[in-house]
Amino acid sequence: MSGENPGNGLHEVCSSKQGYVHSIETAGTVDGPGIRFVLFLNGCPLRCKYCHNPDTWQMKRGTLRHAGEILEEISTYRDFLIRAKGGVTISGGEPLMQPAFLETIFKGCKEMGLHTALDTSGHLHHLSPDSLFESVDLVLLDIKSGNDRTFRRVTQKPLQPTLDFAKRMQAMQIPMWVRFVLVPGLTDDEDNIRDVAKIINGIEPLARVEILPFHQLAAYKYENLGLKYDLKDTPQATPRDVVMAWRIFSEEGVHSVRT
Ligand code: SF4
């Protein structure tokens, strides 16, 4: 924990026209299908021990940008994104910290005929109206842990909002692409992996499942920000660790793509 207030900035920005942006990736290949324009927003209420983007935690560390300006930038990539069977992904931080801004961008994308994806833990979904999610084609749902005890250890927050969010997306029939980060000594015990699988088994519509191995590439960011990094001595997850986790998933009936 950094000592910063995780909720800092929440409720302060509710403009549909402006939002705090961390960065933009114009040809992302991992955050959704095809090639993606990925917009990373600032602000996050969680403090995942393995977070690779601690520089997104504080909303006001981002750059205040106009939605119209962002949509204009997206429009220059529109034809390319459609040809590449991709679209626009909004990630973070936690994008649901800026719901009005998020909804404006997603609506603008849909007006351009672009596929949209929201990368979220779902934690703040109660602050967002259904109208926001009506412009979302795919949710990339980060499940940090399968049980509340480990979830709190990883994020300092409870698991329940993520489960509630998954149910809400199910009621709206929005496909979910689930991601689980495998961290040695933190999320990789067998019981936790089985619990994650059990949650995934209850998710519908399920588009895809990914296990992401923990790596140490973000360690320097904590150092640069002067933040304590609890996982500095944690080993990276090996391909063998990932295979073992997939074996447990598969015993529970979870596969990367639903068959
Ligand atoms: S939800 Fe994402 S951005 Fe927020 S702390 Fe966790 S990993 Fe980092």
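Trainee: How many helices and strands are there in the protein chain?
Mentor: Mind that this is a predicted model, where local features need pLDDT of at least 70, side-chain atom pairs count only at pLDDT 80 or more, and totals for chains, interfaces and linings use all residues. Residues are numbered from 1 along each chain as its sequence is written. Going by DSSP runs numbered from the N terminus (H or I of at least four residues for helices, E of at least two for strands), the protein chain has eight helices and eight strands.

Trainee: What radius of gyration does the protein chain have?
Mentor: Its C-alpha trace spans about 45 × 45 × 30 Å along the principal axes. The globule rule, over C-alpha atoms, is 2.2 Å times the number of residues to the power 0.38. For 259 residues that puts a compact globule near 18 Å, and the chain agrees, with 18 Å.

Trainee: Is helix 1 roughly parallel or oblique to helix 2?
Mentor: Their axes (lines fitted to C-alpha atoms over the stretch in contact, with angles from 0 to 180 degrees between N-to-C directions) come within 10 Å and cross at roughly 30 degrees. Under 35 degrees counts as roughly parallel, over 145 as roughly antiparallel, 65 to 115 as roughly perpendicular and the rest as oblique. So helix 1 is, relative to helix 2, roughly parallel.

Trainee: Which residues of helix 2 make the contact with helix 1?
Mentor: Contact here puts C-beta atoms, placed from the backbone, within 7 Å. Helix 1 brings Ala67, Ile70, Leu71 and Ile74, and helix 2 brings Phe101, Thr104, Ile105, Gly108 and Cys109.

Trainee: Is helix 6 oblique or roughly parallel to helix 8?
Mentor: Helix 6 (residues 190–201) and helix 8 (residues 239–251) have axes 9 Å apart. They pack at an angle of about 50 degrees, so helix 6 is, relative to helix 8, oblique.

Trainee: Where is Gly93 found?
Mentor: Gly93 sits in the loop between strand 4 (87–91) and helix 2.

Trainee: And where does Pro205 lie?
Mentor: The peptide bond from Glu204 to Pro205 is cis too, with omega near -5 degrees. Pro205 is in the loop between helix 6 and strand 8 (206–213).

Methods
Contact = placed C-beta atoms within 7 Å.
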